[in-house]
Amino acid sequence: MAGDYRFSFGPWNIHEGADPFGPPVRPKVSFAKKLKMYKKLGFDAVQFHDDDAVPNLEKLAPAAIRKEAAAMKKALQGEGLIAEFVAPRLWEHPSGIDGGFTANDPACRKWAVERAKRTIDVAKALGTKLIVLWLAREGTYIRESKNAIEAHRWLLEAVNAMLEYDSQIEIAIEPKPNEPTDMAYLPTIGHALAFAHQTADPQRVGGLIETAHALLAGLDPSDEMAFALSAGKLFSVHLNDQNGLKYDQDKSFGAANLRVAFNQVRVLELADYAATGRYVGLDVKAMRTQKADVACKHLSNSRAIFLQLVEKVRSFPLDAAAQLTAARDYEELEMLVLGHLMGNHRS
C-alpha cells in the first residue's frame, strides 16, 4: 500500500537534540548525508525552507540564488528525490523579530515580501510550485503593540504580491495558534481559508494542516482536514502528535493519540487524498534521549504507523458500522472502532 501515498519530511527532522533547556546530545548530520537517508527510510520528497536549499541566501544576488537552487535540484535528482515545497524562514532573521509581513516597521514588511519572492525563485529552480507560509511570528506577544486590523491587511498585501510575482505558484498557509508568539494571526484552518478567499487568486491559496497545531488549538485534526478537503483546499499535511495543550512536541505520528491518528488517515482515505498526488508530510522530532545511531526511527515509525492505519481504515467493517449508526447504537459503534484498532473481532 506504500505505493498509494507519497511521503516527505524536512531536513530539520533529523537534528542534534538541542532544546531550550540544554545543548545538543547527538552529532551534527550533514545535509548531503540527510538526503541519502530519504529513500532508505521510504520517503520521496524533501520539505525545504528557503535557506535549507540556498544557505546564506540573504547575501546572494537573485541570479546566484537561482544557480545554487539549481545545483540543489541536481543533488535531489541524484538521490531520486524531488522538492515538495519551499517556505520562507522569516522568523530567524533580525528583520522578522516582530513578524515580517505584519511588522509595524514598513522596512521590515518590505524585506519580508522580497524574501518571499526569493523563496519563489528557489522553488521554481527546485521544480516545485508550492510555497508554505508558517506565520511563526506574525502575531503579538502584547495586543496593544499592533493594530491587528492593519496587520491582517498587510498580510493580505504580502500574499497578493507573491501571487502577482509568479502566476504558477500555490500558497499553503500552515496555521498554528501560538508559539513562538503568544497568539498568532490565522490560528486555524478556518481563519486561513477565510483569508485565502480575500486574496487576488483564491484558487491558488489553501492550507497545510499539522496535527499538533490543530491539537494546540483544542481542535480535532481530522475535522480540520475535512473542512479543508471539503473546499478542495488541503494542499499538504504535517503529521505528528501532541500530548495535550503544551508546547509543540512533534511526537511520532500516533504515539499519543492513536484513535485521533486513525481518524486523520480515515479522512484522507475518504477524500482519496493519495490520488491527488499531494504528499503526506511528516514533521516529527526524535526524542532528545535517542542515541544517534537510531535517531531516525521517529521518521520510519511514523510512516509505518500511517500505513498500518491505512490498512485499518480499509479493513474497517463499514456495513456493521452503518447498521449501528442507523440504530443510533453509538456505544456499540465505539466498541467496534476500539476493537478494530486493538485487533479484536466482535460478531
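My entries on the helix packing and the cavities follow.

I am working with a predicted model, where local features need pLDDT of at least 70, side-chain atom pairs count only at pLDDT 80 or more, and totals for chains, interfaces and linings use all residues. Residues are numbered from 1 along each chain as its sequence is written, and side-chain values use heavy atoms, with hydrogens and water left out.

**Helix pair.** I looked up α6 (residues 189–198) and α8 (residues 221–230), which pack at about 20° with axes 10 Å apart. That makes α6 roughly parallel to α8 (angles under 35 degrees count as such). I took helices as DSSP runs of H or I, at least four residues, and strands as runs of E, at least two. Axes are lines fitted to C-alpha atoms, over the stretch in contact for helices, and angles run from 0 to 180 degrees between N-to-C directions.

Next I checked who touches whom: Ile189, Gly190 and Leu193 of α6 meet Glu224, Phe227 and Ala228 of α8 (heavy atoms within 4.5 Å).

**Cavities.** I used a 1 Å grid over the protein atoms alone, a cavity being a set of points where a 1.4 Å probe fits but cannot get out; lining residues have an atom within 4 Å of a point. I noted 3 cavities of 30 Å³ or more.

Note on methods:
Parallel < 35°, antiparallel > 145°, perpendicular 65-115°, else oblique. 1 Å grid on protein atoms, 1.4 Å probe; cavity = no way out; pocket = protein on both sides within 12 Å on 5 of 7 lines; lining within 4 Å. Points joined across faces, edges and corners; volume = space filled by probe spheres on them.
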